[in-house]
There are 2 protein chains.
Amino acid sequence: MQRSTAPLRLSIIGFGAVGQGVAKLVQTVPQLKVVAVADSRGVALTPDLGEILGRKRAGQSIANSDYTALDAIRTIDHDIVVEVTPTNIQDAEPGLTHMREALKNKRSVVTSNKGPLVVAFHELVQLAQRNGVALCYEAAVGGAMPIINLIRETLAGARILDIIGVLNGTCNYILTRMAEEGLDYGLVLSEAQDMGIAEADPTYDVMGIDTACKVVILANSFFDRNVTFTDVEVTGIDRVTPDALKLARQRGFAVKLIGEVQELKVSPKMIPTGHPLNVGGTLNAASIWTDHAGEITVAGKGAGSVETASAILSDILSISKGSY
Amino acid sequence: MQRSTAPLRLSIIGFGAVGQGVAKLVQTVPQLKVVAVADSRGVALTPDLGEILGRKRAGQSIANSDYTALDAIRTIDHDIVVEVTPTNIQDAEPGLTHMREALKNKRSVVTSNKGPLVVAFHELVQLAQRNGVALCYEAAVGGAMPIINLIRETLAGARILDIIGVLNGTCNYILTRMAEEGLDYGLVLSEAQDMGIAEADPTYDVMGIDTACKVVILANSFFDRNVTFTDVEVTGIDRVTPDALKLARQRGFAVKLIGEVQELKVSPKMIPTGHPLNVGGTLNAASIWTDHAGEITVAGKGAGSVETASAILSDILSISKGSY
């Protein structure tokens, strides 16, 4: 799928923080053309990206058509559907239907939406293969931290034995501040909520659900598993005390919420100071155990609209080079 | 350069720890065939790798011919020269002549040898381009820690603003133990020498020369520079005191020997605890500053014969897939 001449045509389905981030980055890449943008209120066809970003900021509708998102995915001739609606791990909708329709219509999918990947991973992978298109989701695990493509491309010669990660920035921020300042979980959580680092309903992050979703995606991607969220044993960070963090620190450890991919387990664990997984603040990190190269760790910003959008852009550019 | 049917033919020039590591790994890959192995005493043609590894272990000559390494590079028909003779940053020989002859004869070069890359980077890159072959050196910077290919492949869509790294495992080991145990530089160095982590003459590592070489290679590779070792401002770790490390630690910092690529500078610097560059022991780490993805850090084993050989194997496999 070499497309060196004509621009690659995209739709952006979902126009929250990540979708807007994608729109901003795509403006700077001449070989990409956005043919439709959908939010929950409607669809903008052949949009002026600067204009709809302005309308969105002003709280106005971006729609200039009667199309639904599904209409756009099905009927407009384009190459890549950027699916960035919110993650829903119950039934994965509306993302799952968007992705199915995109792939069936021979459009590649690039996404940060974990829901469909957790609920229907193998169905979507097979649908992409059958239709000869790509399903790329670097942005769904660890935001700007490259892990999917690092393993697929750069570590292509290595056998991957396990992946162990700090995969949720909100939890990492809370644990880092509790440890550094000796503060209670509840206090740090409410400050994190004020700062926009934690959601008003923080359950999805602090109870380990988000981390478990990433564990599922990595297990299905790299260890030939066919698992879903309920297969993961999950313990959150809500019962971690400042005393436990202090004791760990005195012994040369930090406590992190760790996802273990082969074990299908998420729980607070002690990590030695000086271990590369021991990253602070909202950072994510993942250690990849290999046969001959030992343990390779990558760390980066796990969230943020521009950072997540940059991971999406890197997937789009891989598709444009035919190297997915 | 697609070679899906015939095996890729290699020579291994240099048969120390890394060369032997390459021989061991290559044995496990059916699509690779070693046509010659050279050490300082002679050349084994169409070698049985198991046999020459045994002879080397027993201190015997591996040679079964009158060929020199240069004869083998020039006259034997093969695809890739794995150049793993020792690094020499004075005149870069014998590696530089080996690489020149390999490239002129349209053979790709895969190397861990920093000398030629520091002394004659652009000459070698141009020679490779003119002859339509590859010059790959992932193993020369950070051993098994992927950085060259991470930036070239996985971060291909990002603009790289700077690279800051802990690039020498020996220095990192010494500083880590000094900090953790409050020990003097001299004492830890001599223990590291006993353990084989530091060389009998440790100058190259502890005075920052090795780190400076890696800074030069990264600057020339990613920032369009044309610099060599003497362009780097270098301070080693020999004057770091346990008191300085203790003071830094009390303030929440660790002292690391840091290479700054845009600055062309190597010096001991304070790194905040919880920063991903703050890795312990013999690990290497590098933070890659990007335009949109923020700071991405990768960490891994910077030395070790099998780990370095695995980086060489990954370059060989990239060439075999035509994706260099």
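User: How much accessible surface does chain A have, and what share of that surface belongs to carbon and sulfur atoms?

Analyst: In this predicted model, the accessible surface of chain A comes to about 12,800 Å², with 48% of that area belonging to carbon and sulfur atoms; such areas come from the Shrake-Rupley method with a 1.4 Å probe, and for residues only the protein chains shown count as cover. Local features need pLDDT of at least 70 and side-chain atom pairs count only at pLDDT 80 or more, while totals for chains, interfaces and linings use all residues; side-chain values use heavy atoms, with hydrogens and water left out. Residues are numbered from 1 along each chain as its sequence is written, and chains are lettered from A and ligands numbered from 1 in the order in which they are written.

User: What percentage of the residues of chain A count as buried?

Analyst: Buried means under 20% relative accessible area, exposed over 50%, and partly exposed in between (1.4 Å probe, protein chains only); by that criterion, 59% of the 324 residues of chain A are buried.

User: How many helices and strands does chain A have, and why is chain A described as compact?

Analyst: Chain A has 13 helices and twelve strands, where helices (H or I, at least four residues) and strands (E, at least two) are DSSP runs numbered from the N terminus. The radius of gyration of chain A is 20 Å, close to the 20 Å that the globule rule gives for 324 residues, so chain A is as compact as a globular protein of that length. That radius is taken over C-alpha atoms, and the rule is 2.2 Å times the number of residues to the power 0.38.

User: How should I read the sheet order 3-2-1-4-5-6 in chain A?

Analyst: Strands of a sheet pair through backbone hydrogen bonds, either parallel or antiparallel. Here two strands pair if DSSP finds at least two bridges between them, and the order 3-2-1-4-5-6 describes an open sheet of six strands in chain A with mixed pairing. Strand 3 (42–45) and strand 6 (135–136) of chain A each have a single partner strand and stand at the edges, so one side of each is left without a neighbour in the sheet. Within chain A, strand 1 (residues 8–13) and strand 4 (residues 80–83) run parallel, joined by four bridges, and Ile13(A) has Glu83(A) as its bridge partner in strand 4.

User: Which strands pair with strand 7 of chain A, and is strand 7 mostly covered or uncovered?

Analyst: Strand 7 (residues 160–166) of chain A is mostly covered, with six of its seven residues buried. Six bridges join strand 7 to strand 11 (residues 283–290) of chain A in the antiparallel sense, and Val166(A) has Ala285(A) as its bridge partner there. Strand 7 also pairs antiparallel with strand 9 (residues 253–260) of chain A over two bridges, where the partner of Ile164(A) is Glu260(A).
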